[in-house]
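Keep the viewer open as you read.

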Amino acid sequence: MAKNKEVEEVEEVVKSQAVKDFEALIERYKIQNPLKYEIKKAELEKQLVALSAK
Amino acid sequence: MSNLQQALQNALVAEKICKVDNTDLKTIENPYITATTATIQAVAGTYTSSAMAVTDDALSVDDEVFDATHVYDFESRTGNFDFMANFLEELIYRVSHKIDQFVLNKILDLSTGAYTTPAGGFTTAANIAVIVSNLLSKVAGFRSGVASDPFLVIESTDIVGFVQAQVASGYSYADAALNNGFIGNYAGVKIYVIRTGTFVTATLGTLTATNSGHRLFGISNLALYASPRGVQYKEVDVAAGSGTGRTGKEIVAYGLIGAKVWAPHAPLFVDITLS
């Protein structure tokens, strides 16, 4: 069944909040552990892309 | 009085792989010397000297964990169970478990060794010997006693390959795996199994953990965690406000926590990326 517009809008807000939270987490990690961030950068960015695509 | 059936509880492993400090210290200082290099030369009787570098390093207790609930007086009086004691037991366990999760994620974050498994990770039986041998090579060759007693912390979903590898690899391993019923040791490495979802990419107090899909290998008793006075609890009367009073007591379990891998030991802890 097709989703109505309101449901889609709510999902969009929820989705972008999850993405925002993950971006904030990445920023915090960059400061907390810069050396390891460089190692994990690709992995975290991949996870962010996957989260954005959900 | 009967006891209530407790909720499922997970294994706690941090205390088995770390040194634990339960004193009242907020910080534990442990400055370290940077390795020097000796010079070899033809006999000349002369030498040059260089400064010895000493760097500060400290564990700081910066996080606290709590879990609380309320037991009404009528529940205590008329229940067939000792709610206060049973709830408290559960609260203390939940706090202990959160401390365990924090310590494991913190140690994994502080580790500087790195290894990526072959495709399939620990769930492919053929990978187990490859992974464990590679991990051991990361900590081999150090002075006696430095890198002894290695451990590996995996999640419950990883044991598929371990069990297959153990029962299929000859009588000795097969017997151990079958008779003991579970994985305890593989190639001299102590294996600890925690529930799936313990290593997380999430905020745990002051720690930003990025450990989902990662596992921990290291040397026992080199990392340190401090939990001043361990997990404590108290029962408190809830003050009656204007129309908001409650009978009974509030019960709370709480603990302070900090964890550290000292800088010279960080390479002995390996951040395993599952592939």
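Two residues count as in contact if their C-beta atoms, placed from the backbone, lie within 7 Å. With that in hand, look at chain B: of its contacts with a separation of 6 or more, 81% are between residues 24 or more positions apart. A word on the ground rules: this is a predicted model, where local features need pLDDT of at least 70, side-chain atom pairs count only at pLDDT 80 or more, and totals for chains, interfaces and linings use all residues. Residues are numbered from 1 along each chain as its sequence is written, while chains are lettered from A and ligands numbered from 1 in the order in which they are written.

Chain B holds six helices and 17 strands (DSSP runs numbered from the N terminus: H or I of at least four residues for helices, E of at least two for strands). Its radius of gyration is 24 Å, well over the 19 Å that the globule rule gives for 275 residues, so chain B is more spread out than a compact globule. (That radius is taken over C-alpha atoms, and the rule is 2.2 Å times the number of residues to the power 0.38.) The C-alpha trace of chain B spans about 90 × 55 × 30 Å along its principal axes.

Now zoom in on a sheet. Six strands of chain B form an open sheet with mixed pairing, in the order 7-17-13-8-10-9; two strands pair if DSSP finds at least two bridges between them. At the edges sit strand 7 (113–116) and strand 9 (185–186) of chain B, each pairing on one side only. Helix 3 (residues 83–110) of chain B packs on this sheet, touching strands 8, 13 and 17 of chain B, and its direction makes about 80° with that of strand 13 (axes are lines fitted to C-alpha atoms, for helices over the stretch in contact, with angles from 0 to 180 degrees between N-to-C directions).

What surrounds strand 13 of chain B? Antiparallel to it runs strand 8 (residues 150–155), joined by four bridges, with P150(B) partnering I219(B). Strand 17 (residues 270–273) of chain B is also antiparallel to strand 13, again through four bridges. There, L216(B) faces D271(B) and H214(B) faces T273(B).

Six of the six residues of strand 13 (214–219) of chain B are buried, so the strand is largely enclosed by the rest of the structure. Buried here means 20 or more other C-beta atoms within 10 Å of a residue's own, all placed from the backbone (exposed is 12 or fewer, partly exposed in between). In a regular strand, side chains alternate between the two faces of the sheet. Here both faces are covered, with H214(B), L216(B) and G218(B) on one side and R215(B), F217(B) and I219(B) on the other.
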